[in-house]
Amino acid sequence: MSVLDLDDPRCANPRLAGAKASWLARGRHQGLSVLPGVVLTADVSEPAMKLGAETLALRGSGGARLEVGRFPLSSTLLTRVAQVVSGFGPALTVRSSSVLEAEGEWSGAFASYVDVAAAEMEKAITGCWASAFTVATLERFEAVGLAPASAPMAVLIQPVIQPEFGGVARRDERDEVEIVGIKGSPAPLVQGWETGVRVVAGAGGEIAGADDAVAYLGLELIKEVARQLRAAHRLVGANTCEWGFADGRLSLLQLGRRVVTTRPSSSLIRESGRSVGDSLIVDPRLIGLGRLARRYPGLLGEALVLAWAAADPALAIETSSAPVSERTDHPDDPLAALHLAAREAAVLTAEIWQMPEPMAAARAASV
């Protein structure tokens, strides 16, 4: 595939464009305020990632990063990239878009570069790939039982904006949007160097937060961030975003979906004389997963149902309650039928987790 415009429908596939780019591609397709971009597809990284894995075994993390960082890209590829980004201006953002970044535990694991000149493009691209071999990122791979070479990395290239304000936001199940912002780029906030100010936009339009925090960001900006994240949730299912406000326009710099723990609202005050207080509400998806485990118990249930159903228990329960259509293409041999079911379950698991089959199976097993 090599180089795709972010508006190309194929960028909606995270196994091709990586999680970060695929979220933004889907958002842009739905008319959300997403900057234009170009994607260097994940398959392009595979030779470099393989080289990095081989070097890692011989020379450790530093040697692997050096080898991947100087991996040569073809002049044809670089010329193509230069052509398609020529309208983006003299400075570019080059961002990692790993197939793994749909999961919250990979947030901040891979590198991104800002204010990249055209002459630095090759170095920035290979730098994104090389970030898979830092010591901290290797520890994450080890923790989830994956090899770095098993996770190809797309690269997203976009124009640079100079935000007056930037930040992150997340929507909970009550449609409340928590917004954290700072002046300037959101990068120091995302990287943990700054704490920013925090406000909450309620579902009914009310704004909660310290008066100085509201004044700092401005009421209109707070409302616009909340409006755009709610639109992103309605249109593509995202409940988190990174945002930047520049030249009178809010841009969604990153979209995602995370498990957002909801605290009780003020209406949940007491039950049987016991104060609910600040205790956490159990995520209803955990309850749904428990119901599915009881409905489909044992190794067969784990292999054929739970591997994909764990991603969305509510949908799985709804689907399993629907009438089952008769199929005429099933084999008569029970063993052949089992193999067919296992193959279809593996494909469905990869699709619903939006990962290659081995990684999707590992993710489902960890859940």
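I take helices (H or I, at least four residues) and strands (E, at least two) as DSSP runs, numbered from the N terminus. I number residues from 1 along each chain as its sequence is written, and I leave hydrogens and water out of side-chain values, which use heavy atoms. I am working on a predicted model, in which local features need pLDDT of at least 70, side-chain atom pairs count only at pLDDT 80 or more, and totals for chains, interfaces and linings use all residues.

**Entry 1**

I located Asp175 in the loop between β6 (165-171) and β7 (177-183). I noted that Asp175 has a positive phi of about 70° although it is not a glycine. For accessibility I use relative accessible area with a 1.4 Å probe and protein chains only: buried is under 20%, exposed is over 50%, and partly exposed is in between. Asp175 has 22% relative accessibility, so I record it as partly exposed.

I then turned to Asp247, in the loop between β10 (240-246) and β11 (249-256). Asp247 is also not a glycine, and its phi is positive, near 55°. I list Asp247 as exposed because its relative accessibility is 78%.

**Entry 1: helix α1**

I compared the span of helix α1 (residues 14-29) with that of a straight helix of 16 residues, which would be 22 Å at 1.5 Å a residue. The expected span is 1.5 Å times one less than the number of residues. I found that α1 spans only 15 Å between its end C-alpha atoms.

Where does α1 bend? I place the bend at Lys20, with an angle of about 85°. This angle lies between axes fitted to the seven residues ending at a residue and the seven starting there.

I count 13 of the 16 residues of α1 as buried, so the helix is largely enclosed by the rest of the structure. Just after α1, I noted a positive phi of about 90° at Gly31.

Ser33 lies in the loop between α1 and β2 (38-40). I class Ser33 as buried because its relative accessibility is 11%. Its side chain makes a polar contact with the side chain of Arg249 at 3.3 Å, and the side chain of Ser33 also reaches the backbone oxygen of Leu250 at 2.5 Å.

I found Gln228 in helix α8 (residues 219-236). Gln228 is buried, with a relative accessible area of 6%. I recorded a polar contact of 2.9 Å between the side chains of Gln228 and Glu224.

**Entry 2: Glu194**

I placed Glu194 in the loop between α6 (187-190) and β8 (197-201).

Definitions and conventions: A polar contact is a pair of N or O atoms within 3.5 Å; within protein, one must be able to donate a hydrogen and the other to accept it, and residues adjacent in sequence count only if both atoms are side-chain atoms.
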